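Here's a walk through a few spots worth a look before you set anything up. Have the coordinates open as you read.

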Amino acid sequence: MAVTTPDGSTVHTSLGQGWGRSFDMKWVIIGLCIVVIAWLALIPLGFLIWQSFASTSTAQVPAVFTLENYATAFGSTDSLGLMFNSLKFAFGTAAFALVLGTFFAWVNERTNTPFKSLFFAMSIVPLIIPGILFTVSWIMLASPQIGIFNQIFRDWFGLTTLPFNIYSLTGMIWVDGLHYAPIAFLLVTAAFRSMDPSLEESALMSGASVVQVAFKITLKLAWPAILAAFLILFVRGIESFEVPALLGLPVGLRVYTSAIYDAVHSYPSDIGLASAYAMALLLITSLGIYYQSRLPSQGSRFSTVTGKGFRPRVSDIGRWRYATAGIFILYCIFVVALPFLVLLWASLQKYYAAPSWAALHNLSFAAYGKVLAYPGFYGVVWNSAKLALGGATVVMLLTSVICWITIKTKIPGRWVLDMLASLPLVFPGIVLGLSLMIFYLNFDIGIYGTLWIMLMAYVIKFLPYGMRYNSTSMIQIHKELEESAAMSGASWFTIFRRIVLPLLKPGLMAGWIYIIVVSVRELSSSILLYSPGNEVISIMIWEFWQNGQYIELSAFGVMMITALFCFLMVVQTLSKRFGVKDA
């Protein structure tokens, strides 16, 4: 018998291959997925907790139970400073990014500001710029020693005191907040688009100004989405590694992620102390994720969408629309144009120099030649490609089965599987890398120091993203398609392979593309797991920075951003053909 799926493909099945006869294959695959998810999510967490209570072992002295790691980590005034720095940095980053993102979302969705569609497209670009490159570009712009802004103010205005210092807590919040603002913009924009504007229209007809409507109605109705965005940004800030490492460590300004990195890379390595720091980080991120997950159940009183249809409405803000357009353009300059142009300028110099007429005579493509001839360059690119493609494929296939179990079955306790697959959300990248490093140092199965352990880290880190993309598509597949095929004799494996996966294609492709992009720029977990010969692109950029090779770093960054941008353009073109969802 033949069953035609909505995308036009035909599944040929034969009577006699009953559901019951393929029972074993179904449960083997499901059982295997459950074991893999539990192994990936729980084992490293357990070993991280164990290591935080263990002393440092040597060849002569085995590890013993101790509370010394926690006493060292949290028993001094330095530890209080570490916590305050971490919380201030995360709170400041989240608040700054949220204010920017919410303002731009309101302007984009509720006003008649010109060039809005262009801004929406530009808001995606910062998401593909790796955090380490974005940070380095701002060092070149606002560093007291080599910052272009400081040199301009000193030379043009004769200032003796430099106005900008990127190596400070304010500088860290500025860089991370600018980089994360597009995330807030996309999250709040979605809330504004789905909001019934009838209340705003009523207020305007009653004589309220546009600003009064924005503060007293629009923002209040979008409050759950705004608070959720803040919690997500706070978690992203608390687990951020690149910015605190590049801007904080040089001036002794440490947060938890940089303290973990310091503890692991000190001599001898203090894994126990790093684990104790990691537990504090895990606790903070868990609280943030917990409160974020509680918001949907409390948001019903903010609901405005009913059975009545509505159309999005924009307000005429008069001459102010030119001011908001100017702020749009200024933001794009700060977030997209300046970081890329400063990297491009640096990549064309023989030796780094601020832009000037004299420096124009030193333009050269030599840095690109050096990078292309750099020992191990092609191996690094190939390693990143393998990890990105392999990790994305494994994540999307694994989570497709998990989503099928949690959404399409009534298996008791399936929520536990959902929870396990979402658990990596609370793992900051550097904590994940540390826990895997500890586990596979003690449980030697031959993957420590290889690409396999990095692949495992990528799979664990991006499992929640795979769940999100697959679950939204899985919900839309009606059960009757599978039932029809099953009644015609198709096995579970045939149904899953020939019906479920093809229908999941939009979500699968969107998640696969997103994971590839974020895998290429992944640094926080890779920095603890790589070994000589197994470097990836982000590690090579990090080493360029550590070695002071700014010109080569800039050239590599320009090539990387350009390649990722071209990749997304090709994918966007293909997505129109295959109906891929927006990432």
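Is Glu 552 buried or exposed? Keep in mind that this is a predicted model. Glu 552 has a relative accessible area of 12%, and the cut-off for buried is under 20%, so this residue counts as buried. Glu 552 is found in helix α26, which covers residues 550-578. Setting aside neighbours within four places in sequence, Glu 552 is in contact with Lys 370, Val 371 and Phe 544.

Stay in helix α26 for a moment, as Ser 554 has its place there too. Ser 554 is buried, and its relative accessible area is 0%. Which residues does Ser 554 contact, leaving aside its neighbours within four places in sequence? They are Met 140, Leu 343, Ala 346 and Ser 347. Take Ser 347 from that list: Ser 554 and Ser 347 are 207 residues apart in sequence, yet their C-alpha atoms are 4.9 Å apart in space.

Next up is Gly 147, which sits in the loop between α5 (131-142) and α6 (148-157). Gly 147 is buried, with a relative accessible area of 0%. Not counting residues up to four places away in sequence, Gly 147 touches Ile 139, Met 140, Leu 141 and Ala 142. Met 140 turns up here and also among the contacts of Ser 554. The C-alpha atoms of Gly 147 and Phe 164 are separated by 8.4 Å, and the two residues are 17 apart along the chain.

For a loop residue with another kind of setting, go to Phe 115, in the loop between α3 (77-110) and α4 (116-122). Phe 115 has a relative accessibility of 55%, and the cut-off for exposed is over 50%, so Phe 115 counts as exposed. Here are the accessibility values side by side.

| Residue | Relative accessible area | Class |
|---|---|---|
| Glu 552 | 12% | buried |
| Ser 554 | 0% | buried |
| Gly 147 | 0% | buried |
| Phe 115 | 55% | exposed |

Phe 115 also belongs to a nonpolar patch on the surface, together with Leu 118, Ile 329, Leu 330 and Ile 333. Together these residues have about 490 Å² of accessible area. Which helix supplies the largest share of the nonpolar patch? That's helix α14 (residues 320-347), with three residues.

At least two lining residues each come from α3, α9 (210-221), α10 (223-238) and α14. Of these, α9 gives the most, with six residues.

How many cavities of 30 Å³ or more does a search of the whole structure find? The search turns up two. The largest cavity has about 90 Å³ of space. It is lined by 11 residues, and Arg 110, Glu 200, Val 213, Thr 218 and Ser 315 are the closest to its centre. The elements that give two or more residues to this lining are α3, α8 (198-205) and α9.

Conventions:
Residues are numbered from 1 along each chain as its sequence is written. This is a predicted model: local features need pLDDT of at least 70, side-chain atom pairs count only at pLDDT 80 or more; totals for chains, interfaces and linings use all residues. Side-chain values use heavy atoms; hydrogens and water are left out. Helices (H or I, at least four residues) and strands (E, at least two) are DSSP runs, numbered from the N terminus. Buried means under 20% relative accessible area, exposed over 50%, partly exposed in between (1.4 Å probe, protein chains only). Contact means heavy atoms within 4.5 Å. Patches are made of residues with over 30% relative accessible area and no salt bridge: like charges are joined within 9 Å, nonpolar side chains (Val, Leu, Ile, Met, Phe, Trp, Tyr) within 5 Å. Accessible areas come from the Shrake-Rupley method with a 1.4 Å probe; for residues, only the protein chains shown count as cover. A salt bridge is a side-chain nitrogen of Lys or Arg within 4 Å of a carboxyl oxygen of Asp or Glu. On a 1 Å grid over the protein atoms alone, a cavity is a set of points where a 1.4 Å probe fits but cannot get out, and a pocket is an open set with protein on both sides within 12 Å along at least five of seven lines; lining residues have an atom within 4 Å of a point. Grid points are joined across faces, edges and corners, and a volume is the space filled by probe spheres set on the points.
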